[in-house]
Structures are given as structure tokens and as C-alpha cells.
Amino acid sequence: KRVAVLISGRGSNMSALIDAAADPDFPAEIVGVISDKPDALGLGIAASRGLATKSLPRKDYSSKEAHDGAIDAALVAMKADLVVLAGYMRLLTAHFVEKWHGRMINIHPALLPSFKGLDTHRRALEAGVRIHGCTVHFVTAEMDDGPIIAQAAVPVLSDDTEATLTARVLKAEHRIYPLALRLVAEGKAKMEGGRTVYSAFH
Ligand code: GRF
């Protein structure tokens, strides 16, 4: 499967996916990285790994629809089969989401359905939860709402700060995102009828 990664920033999840895909046994190839932020750190990292990169800033387009249309055109030009959102910080239009239905995944730094949206680690600390984590899910029109593919839990320690908790969750993100992409690329996890359906593991 040909995979394109959408980023807005640092790109550490993108890097974890590039590393995983470097294994000849990995069932997917990263064919390009698209950012809506021209200064995203991840763009430089992707280029240094020999990947095609494209910067498509929102301000170059008259509407959200036109912006997503340009992203879609770039994905088609890359012949992408799957789209992976890795710290892409913008909501995609319903039309775009519909077009990539079942073929687009996202990682969220919380155990969904808890803590959708931003500032998940601060809110988890405020809520006093003892278990936190991250979720990979299929993307649907609602934010952070699609069928769950994989999750990892981490403990919240009594002396955690937002920074220490963020770092612990990020490590888990880097572990499960390649696993989840593998499942989707192999067709072992599919979105069907608003659920993730898994085929038998061998
Ligand atoms: C990650 O925590 C991801 O879950 C969230 O944004 C962050 C992006 O980090 N959506 P990076 O760009 O992958 O380093």
C-alpha cells in the first residue's frame, strides 16, 4: 500500500512510521509527506529521509474546500492508497473525509472517547485519571470520533507534569501507530458499518 502522511509540525509520529516502513517486511510504503505549515519541522526530516514533500498552506486557498481539494490532488498525484494524519492540526472537510472513508487514520493523544480535542494531557492531569494513553482510529467527519483501531495505556504518576506525561504518551504513540498502520495496510483492520472489523490473526 502507498501511504501519504499529513503533518503540521514536529513529525515525530511521521518519523516513527518512516522507520517502521524501512523494514522490507512492512506492508506499506511512505510515498510522501504533506504539511499545511511550510515551516513544519517534519518536512525537513521527511526530505532528509529521501521522501517527496509538499507544503500546502491554508492561506494560499480561498476556502477550506479549496485547500482540502489541493491536498486531495496532491494525494492523487502521489498515488496514495492510504492517508495517515500525524499531528495534522486542522479539521478536514466532510467531502474530503468521505472521499478517503476507511482509508484515512489518525492518532489522538488520549484514550478515546475520553479527552477529545486539544490539551489532552493537561485535562487528564486535571481530571485525576490514573490511566491515560493514545488511540489510533479511522477518521470520520466528527473530530476524534472514528472507529478505534488500536490503543495503548500508560500510567499517570503522582509526580507527573504535563511534560512528563506528554513524553510517556508520545513514546506509546510511536509504538502503536506503526502497528495500527500495519493492520490497516494488510487489510486486517477495516472500517465496516461504523466499526473496526478485524480479520483473524495468524
Ligand atoms: C501527537 O501527540 C499526536 O497525537 C497529536 O499531535 C502530536 C503530534 O506530534 N495529534 P508529532 O508531530 O507526531 O511529533
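Predicted model: local features only at pLDDT ≥ 70, side-chain atom pairs only at ≥ 80, totals over all residues.
Tutor: Local features here need pLDDT of at least 70, side-chain atom pairs count only at pLDDT 80 or more, and totals for chains, interfaces and linings use all residues. Residues are numbered from 1 along each chain as its sequence is written.

Student: How do you know where the domains are?

Tutor: Their bounds come from an automatic or database domain assignment. That assignment gives domain 1 (1-100) and domain 2 (107-202).

Student: What makes residues of domain 1 and domain 2 count as in contact, and how many are they?

Tutor: Two residues are in contact if their C-beta atoms, placed from the backbone, lie within 7 Å. By that test, 17 residues of domain 1 are in contact with 15 residues of domain 2. Helix 1 gives the most to the side of domain 1 that touches domain 2, with 5 residues.

Student: Why is the ligand said to lie between the domains?

Tutor: Both domain 1 and domain 2 give residues to the shell around the ligand, so it lies between them. The shell holds 15 residues, with Arg10, Ser12, Asn13, Gly87 and Pro109 the closest.

Student: Why are strand 8 and strand 9 called paired?

Tutor: Pairing takes at least two bridges found by DSSP. Strand 8 (residues 189-192) and strand 9 (residues 195-198) are joined by 4 bridges and run antiparallel. They therefore pair. Strands are DSSP runs of E, at least two residues; helices are runs of H or I, at least four; both are numbered from the N terminus.

Methods:
Buried ≥ 20, exposed ≤ 12 C-beta atoms within 10 Å, placed from the backbone. Near = placed C-beta within 6 Å.
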